[in-house]
Amino acid sequence: MSEKDYIPYGKQSIDETDIQAVLDVLHSDYLTTGPKIEEFEQLVADYTGARYAVAVSNGTAALHIACLAAGIGPGDEVITTPITFAASANCVLYCGAVPVFADIDARTYNIDPQEIRKKITSRTKAILPVHLAGQPCDLDEIHRIAKEHHLIVIEDGAHALGAEYKGKKIGSLSDMTTFSFHPVKPITTGEGGMVMTNDETLYRKLLLLRSHGITRKEEQFFQNDGPWYYEQQLLGYNYRITDIQCALGISQLKKLDVFLARRRTLAANYQQAFADRTDLVTPYQMEGTQSGWHLYILKLLQNDRKEIFIKLREKGIGVNVHYIPVYLHPYYRTHGYANVCCEKAETLYKTMLSLPLYPSLSDEQQEKVIECVKDL
Ligand SMILES: Cc1ncc(COP(=O)(O)O)c(C=O)c1O
């Protein structure tokens, strides 16, 4: 099998307009800290309905500064899901706080609000739900719990740009929401991320945290030594994104709805193809939500996931597993999580398989995937 016949589980869709947008920036005066940053931020804010946006170097950086802006620090606990990429919990560790894993809802594979309730202590500071595969979490219930216990909600929307919860786009519904623009994500900037918020105080903190804690806005200075002056007001990072990346993001955003429509069609094809199989479970969609279909996750009920995974890979089908429960990684096991067990998450982990799903996946390629899965 040649490399060009390989069907990955996800990949970017880049066309000539994207390439031209990047070239235009390369010919301009600003490669970074230029006008494309705010333009991209404003467009994503408009798209999602959020008031403010802060673009950063990747989705992990977005999670990190969101946690810092929320004031999460040593002694605090943050409740999140085990079925996610490590970044959703690592960002809590970066702040010196403790990620606490609440089990999932066996139908949606997202964090179960009832399990969140069981994990709340006097140290809980925030809830960090992840919209796995682009399927929105039960946000009403999560917000109810947050209100009862005075907790901050940071949504990890890495999979969910364009997804909808009760008619509203993910991005404007909680204290903060983060996105990732990694190449397999709904749109890409190569590497990139963003934090969305409706809160001006959080927005100002996020801007500082993105760039060393430094402001150049005179009206925000504590003192002013002269026209050269800039001021470091807290300890931030260099998590800046470039104009080159934001130009790509702006160009990609124009196509997001077309990408989403294609993802939804492909997902519907899979749903239909596997609907009558008793040995497979297809993804459940919560009423009132529109998934962004970042991933298509099948559950294989006959305990044959490993064998099927290997055989599909041999046939050139880039299946994957999203995700290994975070606390099962050796790092977590040896850092206080040796006895953690979320039963439903672990049961799901043993049976789950992500099939290829991305806008440029052709009908023929999808047919091949479906046939191979059915054959096996
Ligand atoms: C759920 C989730 N959160 C966070 C991230 C981190 O995003 P990035 O790779 O842009 O740092 C990812 C990326 O894979 C992810 O899938």
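User: What should I know about numbering and cut-offs before I start?
Analyst: Residues are numbered from 1 along each chain as its sequence is written, and side-chain values use heavy atoms, with hydrogens and water left out. As this is a predicted model, local features need pLDDT of at least 70 and side-chain atom pairs count only at pLDDT 80 or more, while totals for chains, interfaces and linings use all residues.

User: How far apart are the centres of domain 1 and domain 2?
Analyst: The chain splits into domain 1 (16-252) and domain 2 (256-375), with bounds from an automatic or database domain assignment. Taken over C-alpha atoms, the separation of the two centres is 25 Å.

User: How much area is buried between domain 1 and domain 2?
Analyst: Buried area here is the accessible area (1.4 Å probe) that two parts lose on being put together, summed over both. Carbon and sulfur atoms give 62% of the total. On the domain 1 side, Phe101, Tyr109 and Gln135 supply 18% of what that domain buries against domain 2, more than any other three residues. The total comes to about 3,200 Å².

User: How many residue pairs are in polar contact across the interface of domain 1 and domain 2?
Analyst: A polar contact is a pair of N or O atoms within 3.5 Å; within protein, one must be able to donate a hydrogen and the other to accept it, and residues adjacent in sequence count only if both atoms are side-chain atoms. With both residues at pLDDT 80 or more, the rule finds 20.

User: How many salt bridges does a search of the whole structure find?
Analyst: The rule wants a side-chain nitrogen of Lys or Arg within 4 Å of a carboxyl oxygen of Asp or Glu. Between domain 1 and domain 2 the count is 2. Asp18 and Lys255 pair up too, at 2.7 Å from N to O. For the whole structure the search gives 17.

User: Which residues come nearest to the ligand?
Analyst: There are 16 residues around the ligand, where near means a heavy atom within 4 Å. Gly59 has a polar backbone atom 2.8 Å from a ligand oxygen. The nearest are Gly59, Thr60, Asp156, Ser180 and Lys185.

User: Which peptide bond is cis, with omega near 15°?
Analyst: Most residues other than glycine have a negative phi, and most peptide bonds are trans. Ala133 has a positive phi of about 65° although it is not a glycine. The bond runs from His322 to Tyr323.
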